[in-house]
Amino acid sequence: MAAPLGRDTLPDHWSYGVCRDGRVFFINDKSHSTTWLHPRTGEPVNSGHMIRSDLPRGWEEGFTDEGASYFIK
């Protein structure tokens with residue numbers, strides 16, 4: 001992750017969403033535009049969680065900072 005993800009790390013009028021593959025997108029609530037890059041750092045961010053179609057319903061795959069996968073229910 002490029003930066004800690006939380007509303008307190010975003011500039012005013014920005015929010016974020018997370019795609020099924022774990023990628024984070026940022027929303028400029030004033031201009032109604034989106035970007036894959038964090039508005040402060042200019043870097044892409046991954047949530048560390050991924051919803052995989054081969055997992056049972058309600059399960060997600062996450063990754064540690066070292067890249068090891070784990071599963072979350």
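**Notebook: Asn28 and its sheet**

I started at Asn28, which lies in strand E2, residues 24-28. I note at the outset that this is a predicted model.

Next I looked up accessibility. Is Asn28 buried or exposed? Its relative accessibility is 15%. The cut-off for buried is under 20%, so Asn28 counts as buried.

Then I checked the polar contacts of the Asn28 side chain. Which backbone nitrogens does the side chain reach? I found a polar atom of the Asn28 side chain 2.9 Å from the backbone nitrogen of Lys30. The backbone nitrogen of Ser31 is reached by the Asn28 side chain as well, at 3.1 Å.

I also listed contacts, leaving out residues up to four places away in sequence. On that basis Asn28 touches His13, Trp14 and Ser33.

I moved on to the sheet. I see three strands in an open sheet, ordered E1-E2-E3. The pairing is antiparallel. Which strands stand at the edges? I find E1 (14-18) and E3 (33-35) there. Each has a single partner strand, so one side of each is left without a neighbour in the sheet. I noted the angle too: neighbouring strands are turned by 30 degrees against each other on average, direction ignored.

Last, I went through the E1 and E2 pairing. How many bridges join E1 and E2? I get five, in the antiparallel sense. I looked up Ser15 as well: Ser15 stands opposite Ile27 in E2.

Terms used. Residues numbered from 1 in each chain as written. Predicted model: local features only at pLDDT ≥ 70, side-chain atom pairs only at ≥ 80, totals over all residues. Heavy atoms only, no water. Helix = DSSP H or I, 4+ residues; strand = E, 2+ residues; numbered from the N terminus. Buried < 20%, exposed > 50% of the residue type's maximum accessible area, 1.4 Å probe, protein only. Polar contact = N/O pair within 3.5 Å; in protein donor to acceptor, adjacent residues only side chain to side chain. Contact = heavy atoms within 4.5 Å. Pairing = 2+ DSSP bridges. Axes fitted to C-alpha atoms, helices over the stretch in contact; angles between N-to-C directions.
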